[in-house]
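Here is a report on side-chain pairing in one protein model. It covers charged pairs, aromatic rings and the overall fold.

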Amino acid sequence: MFDRIRVLGWYLYYKYRRPFRSRDALLRWQRRHLRRHLRYVMSHVPFYAGRAERTEEKTYPVTDKAFMRAHFRDLNTAGIDRKEAEDFAVQAERTRNFTPRLRGITVGLSSGTSGRRGIFLISDAEKSKWAGYILAKFLPGRITGRYTIAFFMRADSNLYQAVGSDRIRFCFFDIYQDMETHQRRLEAIQPDILAGQPSLLLMLAAEVERGRLRIRPRTVISIAEVLEAADEKRLQDAFGLPVIHQVYQCTEGCLASTCRAGTLHLHEDIVRIEREYLDERRFVPIVTDLERRVQPIIRYRLNDILVERVKPCPCGSPCLALEKIEGREDDIFRFPGRDGKEKTVFPDFIRRCILFAAAGDTDSDDGTENVKTEYRVIQEPDGAITVCGRFSEAEMQRVREEFAKLAADGKFVLPAIRFAAYVQRPGRKMKRVERRRRDE
């Protein structure tokens, strides 16, 4: 009962606290909160302890996944060793029992799509705060109502179970299990909120369109993968919803979500984001979580590419608005330039080649209208491009033509283009654009 009271308290705090009147007010609050948090970090985190007082973030090193793994024990306040945490989490995944905690701490693993799997630690107090924040963001009504949440994930966690109560029924769906069984269970529980990765949501949407799955969720939330515009439109049509919500969450925290206007905003009321720009609008985020204490996240550099929104969002939030999450920095394609220098091409330009080719003549600015082609584009270690999908001969020719236009505009040498069947492996994140390295 005490945990539920804490969750309710945090829900009320995040739902009804006074909004920031301007971006300047938000940034001033951030700086004050950051200084207070860094004082705690210096006093309690072994890696930073014993050093001269530093309350300015720029004096802290930029970290990444390799750094966190190498210094895992010294970067958490619970004294938990990396191997101990990793073994504990792996055992939970093998047994599919995600309720135990390690010395009172919830341990989880990332999916590992960017290399080695990340490990996160979170306390009960932090879990209650996270649950309150998520409920404040995504419940379609008041917390006093009754809701059933269907959550498709690779692994359950007592972190997610913190959301549950007598009125909020949380139902975990294991993505490794049989989909027909899942569909029967979905119809039985009739979820108010449906959350899952886009590849999974698209499978369910197809069943809804065929009349083989009868559910009408009030909210659909896309997680764990990039949600492309064409896929978003398909989900909106299938579920009859004006907005498909997105959550940008990773091992390092819950970083962004969709507002009522359908725009992604960074959660700058709980995280501070430095921007390492790749061009005028694209940037890689460097994250400092302003609240986590068991495993503080200080200046953690992700390898995701975020794109700033040009127009202000009509919702009026002072938190930075995003046009999209484009993909991973690792998946920027690289080609030999005609001037002898290497040329880089962002994932969005690769997607457009496929969407324009598949759509043919369309009035849509982004080529997404009526596009229903499943596809993947892979740059192989030798530089060649493999396009996976079900394309007609005419569409394959248009794909080649679109890549030829891109090469002409980008002044690079177009490599060989091959075509192959589209295969989506269950349990693996869908990556529409991917650059493979030789060690994969």
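How many salt bridges does the structure hold? The structure holds 34 salt bridges, each defined as a side-chain nitrogen of Lys or Arg within 4 Å of a carboxyl oxygen of Asp or Glu. This is a predicted model, in which local features need pLDDT of at least 70, side-chain atom pairs count only at pLDDT 80 or more, and totals for chains, interfaces and linings use all residues. Residues are numbered from 1 along each chain as its sequence is written, and side-chain values use heavy atoms, with hydrogens and water left out.

**Overall fold**

The protein has 11 helices and 20 strands. Both are DSSP runs numbered from the N terminus: helices are H or I with at least four residues, strands are E with at least two. Of the 440 residues, 55% are buried. Buried means under 20% relative accessible area, exposed means over 50%, and partly exposed lies in between (1.4 Å probe, protein chains only). Among contacts with a separation of 6 or more, 61% join residues 24 or more positions apart; a contact means heavy atoms within 4.5 Å. The accessible surface comes to about 21200 Å², and carbon and sulfur atoms hold 48% of that surface. Areas come from the Shrake-Rupley method with a 1.4 Å probe; for residues, only the protein chains shown count as cover.

**Charged pairs**

Side chains of opposite charge can pair when their charged atoms come close.

| Pair | N to O distance |
|---|---|
| K127 and D124 | 3.4 Å |
| E207 and R210 | 2.7 Å |
| R275 and E308 | 2.9 Å |

R275 and E308 link distant parts of the chain. R275 lies in strand β10 (residues 271–277) and E308 in strand β13 (residues 304–308), 33 residues apart. R275 is partly exposed, at 31% relative accessible area, while E308 is buried at 14%.

K127 and D124 share helix α5 (residues 124–138). They sit three residues apart, about one turn of the helix. K127 has a relative accessible area of 9%, so K127 counts as buried.

Is E207 buried or exposed? E207 is buried, with a relative accessible area of 12%.

**Aromatic pairs**

A pair of aromatic rings is described by the distance of the centres and the angle of the planes. The structure holds 14 aromatic pairs. Rings of Phe, Tyr and Trp (its six-membered ring) pair if their centres lie within 6.5 Å; planes under 30 degrees apart count as stacked, over 60 as edge-to-face and the rest as tilted.

The ring centres of F333 and F335 are 6.2 Å apart and the planes stand at 65°, so this pair is edge-to-face. Both residues are buried. F335 also pairs with F412, and here the rings are stacked: 4.2 Å centre to centre, with 10° between the planes. F335 lies in strand β15 (residues 333–336) and F412 in the loop between α11 (393–410) and β19 (417–420), so the pair ties together parts 77 residues apart in sequence. Relative accessibility is 3% for F335 and 2% for F412.

W10, Y13, Y14 and Y133 form one aromatic cluster.

**Charges over rings**

A charge sits over a ring if NZ of Lys or CZ of Arg is within 6 Å of the ring centre and within 35 degrees of the ring normal. The charged end of R352 sits over the ring of F349, 5.7 Å from its centre. R432 has its charged end over the ring of Y375, 4.8 Å from the centre.
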